[in-house]
Amino acid sequence: MPFMERFSLKGKNILITGGSRGIGRVVAGCLADAGANIGILGTSTETAQKAAAEIAKEHGVRARGYGGDISNPEDVEASVSEFVKDFGQIDVLFNNAGICQHKPVMELTYDEWLKVIDVNVNGTFLMAHAAAKYMIRDGVKGSIINTASISGSIVNLPQPQAAYNTSKAGVVHLTKVLAVELCGYGIRVNSISPGYTMTEMISSVDPSWIAYWKNAVPMHRLASPEELAGAVVYLASAASSYTTGADLIIDGGFTCL
């Protein structure tokens, strides 16, 4: 195989959670541009189907949208099962959906804590478990890519986000555990840990936080979602055939300090 063809995703079927907007939506388009067929799983079926239709039209690939709550086991099973029925098999799962809560720990309610953990950790587990089940059943040497965060490795400033940081640390370690347990089936599991990235979520926070982050990042700017896509394409493709259990930090050098 010519070297650059190892990065091709032509014919791969990729399911993306949180793919209707933000990082997930941008990366979904990049994966389609590399040749993949795309499934978008979002909380709103209508929004997911709209994003899928845009991707299919723009990139000439098959794309479908699905609705469901990744923290609900029944929704997860139904969505993954429907994706496999529509596309034949699941080759790659980009486990990207997540939520954040900016609240001082002494003001954080238990229900708020549980909500973040439930979506970010339990949802990541449920999706990975469901996808791996079908990969194993169908003999697919698949790839699972989890979106963690630099927040899983550091305590961010100036924003208070105890639940989010804890959840992303859990995603990093869950990735390593799954990588070890699933490698015998030929399934690779890795994560990406983005730094501060300009999305709808970031644009709604206190402007003074953004100024702080830009000053602290050695590159003195935030990332664009497109700058995360290369790592996902790599981890989804044959180019990363010996990469599993890795956490790729993409942060402009922020965690080097």
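Glu54 has 32% relative accessibility, so it counts as partly exposed. Keep in mind that this is a predicted model. The side chain of Glu54 meets that of Lys50 in a salt bridge, 2.7 Å from N to O. Both residues sit in helix α2, four residues apart, or about one turn of the helix. Lys50 counts as exposed because its relative accessibility is 54%.

Now for α2 as a whole. This helix covers residues 45–59, and its 15 residues should span 21 Å at 1.5 Å a residue; the end C-alpha atoms are 21 Å apart, which agrees. Ala48, Ala51, Ala52 and Ile55 are buried in α2. They share one side of the helix, because they cover an arc of only 100° around the axis. What do the buried residues of α2 pack against? They pack against α1 (22–33), β2 (37–42) and β3 (63–67). Turned away from that buried side is a face with the exposed residues Glu46, Lys50 and Lys57. Just after α2 comes Gly60, with a positive phi of about 70°.

Back to salt bridges: the whole structure has seven. Three of them are listed here.

| Pair | Closest N to O |
|---|---|
| Glu77 and Lys133 | 2.8 Å |

Shared partners join Arg25, Lys50 and Glu54 into one network of salt bridges.

Glu77 forms a salt bridge with Lys133. Glu77 lies in helix α3 (residues 73–87) and Lys133 in helix α4 (residues 110–138), so this pair ties together parts 56 residues apart in sequence. Glu77 is partly exposed at 28% relative accessible area, and Lys133 is partly exposed at 40%.

How values were computed
Residues numbered from 1 in each chain as written. Predicted model: local features only at pLDDT ≥ 70, side-chain atom pairs only at ≥ 80, totals over all residues. Heavy atoms only, no water. Helix = DSSP H or I, 4+ residues; strand = E, 2+ residues; numbered from the N terminus. Expected span 1.5 Å × (residues − 1). Buried < 20%, exposed > 50% of the residue type's maximum accessible area, 1.4 Å probe, protein only. Arc of directions from axis to C-beta. Contact = heavy atoms within 4.5 Å. Salt bridge = Lys/Arg side-chain N within 4 Å of Asp/Glu carboxyl O.
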